[in-house]
Amino acid sequence: MATAGTGQANEWRLAAPHFSINTNVESSVNCIKFDPHEELFWTGSAAGKVASFLPTNHFSRYSAFVVSKVSGVNSLEPTENALFALTDTSLRVTSKQGIPIGKYTSQSMTRMMAMCRMPGTSTFVMGGFQEKLIHYDFVKEKEIRTTDLKEGEHSIIIRYNGTNTFTADSKGNVIVKSPKNFETLQVIDCHQDRILDFDVQGSKLISCGVTMNRQQNMDRFVKVYDLRMHKALTPCTSQLLPQFVRFIPSYCERICIMAQSMNLIDPGNNWGSHPASLRMFDLASNGNHVEFGVETSIVTAFDYSSSKNFAAIGSHVGVICAYADRDQPIVNDSSKETIFAAPPAQPPISFAIDDTTQTFGSIPFPFSQGPLVSDWPSELTQIVHRRRKPPSDLTNVKSIHYATQIRNPRINSKLKQHNIVPYFLEHIESVIEVHDVQKIVEQSEHRMVKTRVSKLYKKRPPPVNHVPSRRGNSSDETPETYTWNTIRHITMQSTHAMNLVANTVVQVVYSLSPLRSIVMRHICTNDTCITCELHFLFNAFSSKIGQSDGIITTNLALALTRNGVSLKTGGVLHAINEVIKTILDDVAEKDINASVSTKFNRHLCCIRCRGLQTVEAYNDHLLSLNYGSLHQTSLCQLIEKSLHLGPETGEKDCEDCTQMSRMECKRKVRELSPVLLISTNTSSEDYVDFWRRQLSTHEVRPDAQTNSFGSVPESPSEKKRCRYGEDCRNKKTCKFAHGHIDWSSEQSKLLEHVDSSQWSHYIPSRIAAQVCEGIVRISDISDIPGYDEPTAIIYELDAMIHVIGNGEHEVKWTHPVTLLRESPVASTAWTLINEQLVSRLHDHEARYVDGRWKLPALLVYRQKGDEILFSEKTFSDDLFFSDDNLAMNGTESLAIKSMKDLPKAGELVGLDAEFIKIKTDMLEFDGRSVQVRAVGRASCVDATGQKVIFDDYVRLTDDMKVVDYLTRYSGIVESDLLPASSDKYLTTHKRLLLRMHVLIQRGVIFVGHALHNDFTVINVHVPEPQIIDTVVLLRLEAQRMLSLQFLVKEMLGEIIQTAEHDSVVDAQYALKMYRKYLELRDQGILSSEMRRIYTILPSCNSPSQTSSPLIVSTLRKTPDDPADAAPQTI
C-alpha cells in the first residue's frame, strides 16, 4: 500500500480519518452517494437525516438536515440544483443547502426502497417491497406512470445499462424489463435466497447474494452473466463474503468487490470484529489487481466517485470510511462551483446617493430638537370631551339614606375596575353599553345551569355490607359499583382524603415508563422519601392487578404530609396542585441525568435599564400554566407562553445601573423533555374562570344543542332497580331495571360517536413542537394524522388527571380521577380510574371537559415513539442491617447480625405485630382529625422459633398524637416508644419496611395469625404465595375466626396472653399452630377436630370480621388443600 506521500494511482489510502454522521443518537448509514455535479458526498441515515461533506477538504461537513422523523432515508439522487431523498412513503426534494423545496407521496408508495434516474431525462423509477413500479417526472412534479408487477415480485434494487432496466426482487431474481413499457423480457435466477447487490455494464451482469441452506450464509463468490448469450460465466471467487459489487467505468470491464467476514445467524456489533477488504480487478483477465483491508463494523452502504478517485463505505454504527488513490483526488472531472454561505454584511461606511441597493436603515438619522415633518398638526392633537349618553333604566337599584347603589354592570368584563362613562361616537354605536353588558352577564348565568354528573365520575361511596332482603333483592347498589373493574388494572384504596388525591398521581407515574424507571432505580434510608414509597407500591402492583380490594397507600399519604402537603385549607383544587408538585419534584430530584426535564437558559433583564444581567442554565420538569391576563387563547399558545415566561425573581442589584430593581425573567429552551408534564395550576385564582371562558367557545360535543358546555354522558344503569328483580312478571313493560347490570353492554354506550366530526376539543390529542433559537412554537395536529414535519417533535396526549365537581352553579369540587391512554384492552383508547371503578372511554369522551363538573389538573404529553426499557433495582441485603438504636439506652438489637443468618427462599418465619391507636389532622380536609392504627412493635422469628430475626419498637413521629397505647393487648407503654426514656431497641417505620422488603425479596414464607391485619397496618404488600395465615387454615367455612389464645388453649393445652401480648411469643406460637395443623391434616382428622372446637363456646375474643378490610378479603373460602398455599413441613 502506498504511503501518504506518493502520487501514483491505484495506491489506495485513507482520504480522511473515520468520521460519523451521527450527533446524539446512533443510527446506521442506509445509503451514500457521490454528487455527479459538485464536489460533494451525500449520506442518508436510518433516522431520516441527510448530511453532506466536502471530500476535497478532508470530508468536512457542508450541510445536514432532517428529511423525515418517521422513516429512514433509503435512496439518494442528487441533480444539478437539488437533492432527491426517498423514504418509506414519500419523495422529498431539498436544496443542497437543506432548504425544503417539495414533497411527493401517493397511495402507491408504501415501502419504497430504491430509486434510479433514467439518463438524459427528468424521470425517476422507484420501487420497493410493493408490487408496483412508480415513474415520477420531477420537472412536471407528478407521477406519469405506475407499472403493476406480478404477485410476489418486488423491486428492491434498480439499475439501467443504457438499453434495459434491471430490478432485483427479494427471492434472488434479477428481472430484465423494457424501458418503454416495462414489460418483463427475461428473469435471471441469480441466488437461492436474496440478492445483496448487483450491477450492469454493457452486456455483463454481476451479482452477490445469499444461498438458502441450513445456516442461510452468503455466497463466497460473485456471479457473472452474459446478457447477449443468456448464460452464466465463470464466477469470481472471494475469500470473504461479498457485500457490494460494482462496475468501474474504464476501457476494460473492471469490477470492484466490497467483501466482509460475517455470519447472518450471529452478526455481532463490535467494531473490527468482521474483517473486510476492497478488491478491484479486470473481469476478463483478472489483471491489474488491487486489494486492501478495511477496518470497519458491519458494512451497510458503498459507492465510488465518477472520477474513480474516491471510494466510500458506510457502516451500521453511522461511521464512514473514505479512501482515495492519489494525493489530490477529485470527485468529478469537471464539477460546478459549490455555493457557500456569504459572510455577514457590515453596514457601509458611505455610499452614493443614487445607490438603490442600500436600505433606509443604513442611513444615520441624528436627533433633532426642532419640529419634524412627521409631527402631527396641533389642531389634531387638541383634547375634546365627547358627549355623554343619558343614563339608562337600571335594575337592582337600592337607596341607603341619601346614597343610591346599583350593581356594577361591567362586573364580568375587563372594565369592572374602571370608572368609565358611556359616550356617543359619530356614526359608530358605542361598544360600552350598559344593557349589552347586562345581557352578557345574564347569558353567562343562563349557560352555567346545574347539570347531571355521570356515575362513572362521581365520588365512590364507601363499601357497605350487602345484606339481602327476604325477597333476595336489595336497593343498595354500592357493592355492584365495585364489580365494574372488568379491566385488569391496579386500583388503590382511598382510606383518607390524602390517599384519594395522591392515588391519581401514583397511577400517572406508574403508567409513564420514564418516571417509573426513575422510581424503580431508587432506594434510600431517608424516612420522608416519597420516591421510596412509590418504589414499595410499584413492587406490589404486579401481584395486585385486577384485584377488587386494591392497595392501601397509608405510608405514601404520611410521607406527603411530612413533605409539607396540607389539606387544612384550599380544598381539592389546592390539594391536587400541591400533591402533583410534591410527588413529581421528589421523583425528578432522583433523576440524575435529567431525562424527564426540559433544559432552559434563563435570562434576567433589569426593567429600569433593560440591561442583561445573567444567563443561567437550569432544568425544569413540571410546566405550570401561567394564565396572567389572557382572555381567549388556545392551549398551545398558553403552553408556549408558560415555557418562555420564567418564575418571579424579585428585586436584585442591577450590575449596570447599580440600583435595586425588579428583574424580568425570560426563558429560552435548549432541549425539550420527551415527557411534557403540564400542571394546570388549579390553585390559581384565575383557574376556573379561564377554563370556563375557553370551553364556552372551543368545547363541542355532538349532543350539545341547548348550551355551550354540552351535556353529561349517559351514566350506566340510571334506572332504578325493580324490587321484584328477576321474578318480575312484567319485564317487558316495567320501567325499572331487572337483575344484574350488563356492564359490557353499558360500556358500549360510552364508545359511541367515536368517529363523529362534530366533536371539538380545547385539549389537543397530538401537538407538534418546533424549537428555533430557543423559541418554541407548538401546533395542534390532532386532525392531521399524516403530519410529518422533519423539524418538529410530535407529542401525544398520554395521561390526564381531572378534578370532578358536583355539577352545581356554585360548583363544589369533590375529588380527582385519572385517565390513561394506555389500556390493557386493545379496542379501547382511554381508561378511566375513579378509585376502584375502572371503565373504558373513547378518545373524544376522555378529552371532553366541562366547566361545571370536570376540569384538568395535569396533562401529560409524551414524545411519539419514546419508550424506555428500565431495569429494576433490587433491595440489597445490607439494608436489613443498616440501622442504629434510636433510644439513648444503648440496648443491643436482638436481630441477627450476619448475612448467613438471613432466611433463604422457601424458609418459614413467624411474624407478629402489636398496634397502638393514634390521631392526626393531616389526612383529611379542613384539618378534621381521624384515628388510625399504627405499628408499635414488630417481631420475626425463624422456623424453629428460637432465633429472633428482628424485634423492633417503632418510634413515633412528632405529627402523631397517641390516643391509646392498647397496653392490655399490645404490651406497649408510653416510655417504650420515646427515645429519651425507652429501654427497648427503637427504630423508624422506614427501617422496618426495609427489613420486610429484604425478606420478601429473598422469598421467605411468613407464618402468623391474622397476618393480613398486620400487613395492613405496617402497610407492606406481600404476595399471597408467601403468606400462611393460621386464622384461615384453622377455621370452618362460613364460621367465625378464632383467636390465637383460644386455639393454643384448645389444641396445644397451653395458656398464653394472660397479661399483655408479646409479639415474639405470638410469632412462636403461630409456627406451633401451623405444625399442629399439618399434623392433623396428615392424620385426616382436621375437619373433625375443628368441628369439635366450634362446639365449644370460646371464652376469649376472636378477630373482628370488620377490623380490617384485608381480613374480610380473606373470607373467600377456606382452602380444601392447603398444600397449594403452604409447604408440607417445617
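Contact is taken here to mean heavy atoms within 4.5 Å. The structure is a predicted model, in which local features need a pLDDT of at least 70 and side-chain atom pairs count only at pLDDT 80 or more, while totals for chains, interfaces and linings use all residues. Residues are numbered from 1 along each chain as its sequence is written, and side-chain values use heavy atoms, with hydrogens and water left out.

The pLDDT, the predictor's confidence in each residue on a scale from 0 to 100, averages 81 over the protein chain, and 82% of the residues score at least 70. Helices (H or I, at least four residues) and strands (E, at least two) are DSSP runs numbered from the N terminus. The pLDDT is below 50 over residues 426–446, a stretch with 19 contacts in the model beyond near neighbours in sequence. It is also below 50 over residues 1098–1130, where 76 such contacts are found. Where pLDDT is low, the predicted coordinates should not be read in detail.

His 761 lies in the loop between α10 (743–749) and β40 (766–772). Its relative accessible area is 14%, which places His 761 in the buried class (under 20%; exposed is over 50%, partly exposed in between, with a 1.4 Å probe and protein chains only). Beyond neighbours within four places in sequence, His 761 is in contact with His 698, Glu 699, His 844, Arg 847 and Tyr 848.

A nonpolar core is a set of buried Ala, Val, Leu, Ile, Met, Phe, Trp, Tyr and Cys residues joined through side-chain atoms within 4.5 Å. The largest contains 113 residues, of which Leu 635, Trp 691 and Tyr 861 touch the most other members. Helix α7 (residues 571–589) gives the most to this core, with 9 residues. Not counting residues up to four places away in sequence, Tyr 861 touches residues including Leu 635, Ile 763, Ile 767 and Tyr 795. A second, separate core of 34 residues includes Val 935, Ala 938, Val 954 and Met 996.
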